[in-house]
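Okay, thanks everyone, let's get going.

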Amino acid sequence: MRILCVCLGNICRSPMAEGAIRARAEAAGLSVNVDSAGTRALHAGEPPDPRGLSVARSRGYDNSAQRARQLSQQDFDDFDVAFAMDRTNLDELRRRLPEDANIRIELFHPDDLDIPDPYYGGRPEYEHALALIEAAADALIRDLVATEA
Ligand code: 4NP
């Protein structure tokens, strides 16, 4: 299973989603390949936002080695599923989807909730985003475990 987490800048939400999925997959003994990308190149090459790193660290993941990159057309071939953090990211993925691609494109949160962009907020906004991300990652891992069983 190859999973791509997608947000706008790839420095706040999608790196947290990548870390949350990876930690849970490892704990569950699942073999998944997780990566993340941004629809825009605004922060390409940069590490995750320090506010997101701090909140993620407080929840037990270290995302500091990640570097932001922009979504590429190759990603539509390289991944089985792309999870959009919000509806704007989802629309952008659909707009760029090649006609012959087999990738599934979905909103990450299973209750169809947007994970709000915390970039212009403070720690509470990052904590809120991570709480939604963790709920979505828990649901994803439950699904994957059920599929493997
Ligand atoms: P992300 O957050 O999409 O969760 O990584 C953002 C990061 C940067 C900007 C916006 C959102 N920005 O406008 O630079």
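So, helix 1, residues 13-28, packs against helix 5, residues 123-148, at an angle of about 40 degrees, and their axes are 9 Å apart. Helices here are DSSP runs (H or I, at least four residues), numbered from the N terminus. Axes are lines fitted to C-alpha atoms over the stretch in contact, with angles running from 0 to 180 degrees between N-to-C directions. Helix 1 and helix 5 are therefore oblique to each other; under 35 degrees would count as roughly parallel, over 145 as roughly antiparallel, 65 to 115 as roughly perpendicular, and the rest is oblique. The crossing is right-handed, as in the near helix being turned clockwise from the far one by less than a right angle.

Who touches whom? Helix 1 brings residues including Met 16, Ala 20 and Ile 21, and helix 5 brings, among them, Tyr 126, Leu 130 and Ile 133, with contact meaning heavy atoms within 4.5 Å. That contact divides into 14 nonpolar, no polar and four charged residues. Nonpolar is Ala, Val, Leu, Ile, Met, Phe, Trp, Tyr, Cys and Pro; charged is Asp, Glu, Lys and Arg; the others, Gly among them, are polar.

Quick caveat: this is a predicted model, where local features need pLDDT of at least 70, side-chain atom pairs count only at pLDDT 80 or more, and totals for chains, interfaces and linings use all residues. Numbering starts from 1 along each chain as its sequence is written, and side-chain values use heavy atoms, leaving out hydrogens and water.

Next, helix 2, residues 50-58: its axis comes within 9 Å of that of helix 5, crossing at roughly 55 degrees. That makes helix 2 oblique to helix 5, and this crossing is right-handed.

Finally, the ligand. Residues around the ligand include Cys 7, Cys 12 and Asp 117, counting any with a heavy atom within 4 Å. The side chain of Arg 13 has an N or O atom 2.7 Å from a ligand oxygen, and a polar side-chain atom of His 43 lies 2.8 Å from a ligand oxygen.

Conventions. Helix = DSSP H or I, 4+ residues; strand = E, 2+ residues; numbered from the N terminus. Polar contact = N/O pair within 3.5 Å; in protein donor to acceptor, adjacent residues only side chain to side chain.
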